[in-house]
Amino acid sequence: MAGTKCIITGVPGVGKTTVITEALTRLEQMGVPYANISFGSFMFEMAQRQGLVANRDKMRLLSKDDQRLLQEQAAEGIARIDGNVIIDTHASVKTPKGYLAGLPEWVLEALKPDLFVLIETDEDQILGRRFCDPSRVRDLDTFRALQSHQSFNRAIAAAYAMKTGCTVAIVTNADHLLERATGDLVGLLT
Amino acid sequence: MAGTKCIITGVPGVGKTTVITEALTRLEQMGVPYANISFGSFMFEMAQRQGLVANRDKMRLLSKDDQRLLQEQAAEGIARIDGNVIIDTHASVKTPKGYLAGLPEWVLEALKPDLFVLIETDEDQILGRRFCDPSRVRDLDTFRALQSHQSFNRAIAAAYAMKTGCTVAIVTNADHLLERATGDLVGLLT
Amino acid sequence: MAGTKCIITGVPGVGKTTVITEALTRLEQMGVPYANISFGSFMFEMAQRQGLVANRDKMRLLSKDDQRLLQEQAAEGIARIDGNVIIDTHASVKTPKGYLAGLPEWVLEALKPDLFVLIETDEDQILGRRFCDPSRVRDLDTFRALQSHQSFNRAIAAAYAMKTGCTVAIVTNADHLLERATGDLVGLLT
């Protein structure tokens, strides 16, 4: 469909939601409409409507095949939306069994993204933000574990670029420089 | 087929065989059966049965197309095994012409792994282990060359995750901490 | 077709053209013929013959679908060339919207490369070379931006290796060591 499909990712604590929210405000002021969709929520609502799960915690109990089918259907659903869409998700998810691709091949093939954004910052700053955020329970990663995760995300983003032809942009959301991160993201989306 | 298909990789000298052997002992004690298959040996035995090669050294003399076909058939054969399987192989192989994918697309599509493990440790320790192992002739890599190889392995593991949806876990096999590496691997396999 | 198809890449300023030219001279002396094709020029000439564009600047104005089709046709055209071919292109291109895969999936599938070469050197040296080259207008990247680009190129090369089964070799073109870089490249091509 017409419009830009832009995937926005970042490790927990990097400030992804904040940057997206600020960017959407500016984009609205500029008259550039963007729908903002959380891939996880979109998929959950789809599963709920199909009567597959009662609540979000049940999602992880679905069979691998069911999960894959839901992922595909969600990607197809988002691809059908007319106009610009931000897809808020993860490059990779850190699970007890290792890193899981946020956008496996079957999602990318259905979604056909134009742009893939990695929101990053120094691991030190992420650790500080996670520590100071009482509203969410977040992994107590070490500096090295975070470094490894951000680096894995860059590598998997390269694989996404090979698969889809989308561009991969890095937006740095450094301490005290939210304005700049927002400006960079707005620049990518306009 | 039912069961977990787990690919285990690591550069020569990282102690892959040792960690796998220790983990298998513990898994047996825990009553969790795992078959342990070397991808290379499985493929060679297949080639031998088909009368394609007389000994293992001849494998590299096969045409590219024959090698690819054998890789596919080996992957299909392993995928058909019922139950849990460890597949012992390489994320990438260092050859005179550069790094070669241990699991190119056609292998991944046939194998459908659930889990991909990178056994790693500091380059310094790997150099030490290679130097002290008189039983095998191994590349005399430099620190930087090893760093480059381990880093390439992480990048290609990310591509494997995109392609298959398998998780990618890193197990550190540090000096004096084999117990820990074994425990980490057992944790991933149970 | 018979012959080696070798993709050679490197960030602007790394000295890719110089190394290729030197290597071709030596290969000729050795009696090993290689055609040398710039992927971008090959694609542009194809577009020009089809009446799609009047000059090279117009290439970027083509629709995404047209660009993709041209990429595929160029890759197919190069794959049909009998004999050894060097394909001079980029692992990834740095654009205002982020890194763009030089060899997206549809190009790799048509091109079927045997070998992928990354020509690299220290970021510092690349910065120096860009600064001292008055003949071309080149990005004034920072050290970190260059580091990020070279690192992204390695990651995407790993994805290319997974997709095609080609080997990925790194040739270092360090200051004062052009002889060595040339020798390394010739070694890969013979």
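What share of the 190 residues of chain A count as buried? Keep the question in mind while you select chain A. The model on your screen is predicted.

**Stop 1**

Hide chains B and C for now. The answer to the opening question is 42% of the 190 residues of chain A. A residue is called buried here if 20 or more other C-beta atoms lie within 10 Å of its own.

Switch to a cartoon view. Chain A has 7 helices and 7 strands. Follow the chain along its sequence and you pass through them in the pattern β-α-β-α-α-β-β-β-α-β-α-α-β-α. The radius of gyration of chain A is 16 Å, close to the 16 Å that the globule rule gives for 190 residues, so chain A is as compact as a globular protein of that length.

The C-alpha trace of chain A spans about 45 × 40 × 35 Å along its principal axes.

Next, consider which parts of the sequence meet. Take the contacts in chain A between residues at least 6 apart in sequence: 82% of these join residues at least 24 apart.

**Stop 1: where chain B meets chain A**

Show chain B beside chain A. In this contact, 14 residues come from chain B and 17 residues from chain A. On chain B, select helix H6 (143-164) and strand E7 (167-172), each of which supplies at least two residues of the side that touches chain A. H6(B) gives the most to that side, with 7 residues.

**Stop 2: where chain C meets chain B**

Bring chain C back. Here 14 residues of chain C are in contact with 16 residues of chain B. Which elements of chain C give two or more residues to the side that touches chain B? They are helix H6 (143-164) and strand E7 (167-172) of chain C. The largest share of this side, 7 residues, comes from H6(C).

Apply the class colouring again. The side of chain C that touches chain B has 10 nonpolar, 2 polar and 2 charged residues.

**Stop 3: chains B and C as copies**

Finally, select chains B and C together. Two copies of a chain are related by a rotation about an axis and a shift along it.

Key:
Residues numbered from 1 in each chain as written. Chains lettered and ligands numbered in written order. Predicted model: local features only at pLDDT ≥ 70, side-chain atom pairs only at ≥ 80, totals over all residues. Contact = placed C-beta atoms within 7 Å. Helix = DSSP H or I, 4+ residues; strand = E, 2+ residues; numbered from the N terminus. Nonpolar A, V, L, I, M, F, W, Y, C, P; charged D, E, K, R; others polar. Rg over C-alpha atoms; globule rule 2.2 N^0.38 Å. Buried ≥ 20, exposed ≤ 12 C-beta atoms within 10 Å, placed from the backbone.
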